[in-house]
Amino acid sequence: MMKPVAHGALAAGWLLCASAWAQSPTAPTADTLSPAAQDQAWQQASAKFAPQRKAILDRVAKAAGEGPFRSDWASLQTYRSPAWYDDAKFGIFIHWGVYSVPAFGSEWYSRNMYQQGTKEFAHHVATYGPQSTFGYKDFVPMFKAEHFDPKAWAQLFHEAGARYVVPVAEHHDGFAMYDSALSDWTAVKKGPKRDVIGELEHAVRGEGMRFGVSSHRAEHDWFFDGGRAFDSDVNDPRNAELYGPAVAHLSKEDENLAQDWTYVSQAWLDDWLARTAELADRYHPDLIYFDWWIGHPSFRTTLPTLLSYYYNEGAKRDGVVVNYKLGDFADGAGTLDIERGQLKGIHAAHWQTDTSISNDSWGYIEHDTYKSPTFIIHLLVDVVSKNGNLMLNVGPRADGTIPDGAQDTLRSIGRWLKANGEAIYGSKPWRTFGEGPTDVVSGTFQDTKTKPYTADDFRFTTGHGKLYAIELDWPGNAQATIHAIKPEDKVIRVESVADNRTIPFSQDAGGLHLRLPPRPIGSDAYAYRITFSTPNSLKAAP
């Protein structure tokens, strides 16, 4: 629960801010205000929302213990991902917000435009003027979303073969894309003046897909800290509600959160809890995705409260999902997400990778290029063979249109899944994920480092009483051998999934030998439906 800030302490912090403001509202404050004073300026700016915040926190506290999960890590480690998610395999991620207006660099423009020495800083000054007169807040009125059509988006994602859709409800920039009672900086009150998340929820569910939300609020604590080092609008207390505490980010490497000494107040944690619970209560998402900083040690006593609240509500339906990065949760307390990366082998618990269709950014940037359908289909097949899901990100323009290049790639994926989805949706891993010479580079931010696959690379899934072998290139000699299938795995039939044609085969100690047509059956990856004489051959590895 949020502890009330002593009136005297808050007033003292505000007087420090006011003293700096008296000189110039945009004068640097990095060396004149302590992190506590910076945080108190944010508290003062958002104080009018205290009653609404308290009401949400009281509701969360009252619900404690109402369900199978307690608010402790031991209880949360009994969590299991729901069947709908395990079967879904393919989802869509959406990064869309105020950062789509400058459309330069990446979705981190909001931070980097205040980081001296970056290309975004130089671009901003050259294009819009100094940050003291044109700050990130000034992009908000330019974010009109005039062509945003949630039904058209949902239809596109459904055509792409997605089974769930997860828009970013709030990115690190602190601008809420939903109808929040805890902020004036929302898409309902400013900019588009529409409940983007609410409209998408209705459209996505109308197409029969699951709906989730992504919250990157945790990082907002420090995201605008660069603006305190020079003359910028981040220093003006009147903007503190949007820019947040903007305390110094005391970390040498993002992944090592144990050595991140950034100041985080209890008031910030309480506000984070209230905002996330508000999202869960208002939109009833089937999935919540968190970015990495949720693993900062300061969140460890607040996170279990949110997770138990959300999981217990989800238990009344058919289950919900929370994605987290490695080390952010106690093992098993959610669903592991490997950002822009893969795993070497089959993971016992269901997991997810997320990557962007864009080569350079999660949000829209001008002159961007896109990954090929073949690259993404191969990534999907590899991840599914290892017991995972792929969540593919798109970045719409500020006006609400999705670039043609991204749409073309999505539709190509959809065509492949329409023909071969039997081998993907609802499938389970086999005793081995695959075979072939191409080595997958595992870990985060490694997905583009794997070399192109060959016709000797196969991935395996099981379902419908069949083994599915997916070949990742077409053999030039129209012959293929699957070495993982042994003589004791007595094969009685092989068919192409795409067109159901029978594939001639022979079997010996060297494997299953396929005699294929001279021309490829479809494109990108080639799925074969293999029937064994006994179900024992379908058993997964222990």
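This is a short chat about a predicted model of one protein chain.

Reader: What sort of model is it, and what pLDDT do local features need?
Author: It is predicted; local features need pLDDT of at least 70, side-chain atom pairs count only at pLDDT 80 or more, and totals for chains, interfaces and linings use all residues. Residues are numbered from 1 along each chain as its sequence is written, and side-chain values use heavy atoms, with hydrogens and water left out.

Reader: How many helices and strands?
Author: The chain has 14 helices and 16 strands. Helices (H or I, at least four residues) and strands (E, at least two) are DSSP runs, numbered from the N terminus.

Reader: Why call it as compact as a globular protein of that length?
Author: Its radius of gyration is 25 Å, close to the 24 Å that the globule rule gives for 542 residues, so it is that compact. The radius is taken over C-alpha atoms; the rule is 2.2 Å times the number of residues to the power 0.38.

Reader: And how much is buried?
Author: 59% of the 542 residues. Buried means under 20% relative accessible area, exposed over 50%, partly exposed in between (1.4 Å probe, protein chains only).

Reader: Switching to helices. How do α3 and α11 cross?
Author: At roughly 75°, with the axes of α3 (residues 50-62) and α11 (residues 266-283) coming within 9 Å. α3 is therefore roughly perpendicular to α11. Axes are lines fitted to C-alpha atoms, for helices over the stretch in contact, and angles run from 0 to 180 degrees between N-to-C directions. Under 35 degrees counts as roughly parallel, over 145 as roughly antiparallel, 65 to 115 as roughly perpendicular and the rest as oblique.

Reader: Which residues meet there?
Author: R53, I56, L57, R59 and V60 in α3 meet a set in α11 including D270, D271, L273 and A274. Contact means heavy atoms within 4.5 Å.

Reader: What about α8 and α9?
Author: α8 (residues 150-159) and α9 (residues 196-206) pack at about 45°, axes 8 Å apart. They are therefore oblique to each other. P150, K151, W153 and A154 in α8 meet E199, L200, A203 and V204 in α9.

Reader: Last one: G341. Where does it sit?
Author: In the loop between β6 (335-339) and β7 (351-356). At 0% relative accessibility, G341 counts as buried.

Reader: What is G341 in contact with, neighbours within four places aside?
Author: W351, T353, G443, T444, F445, Q446 and D447.
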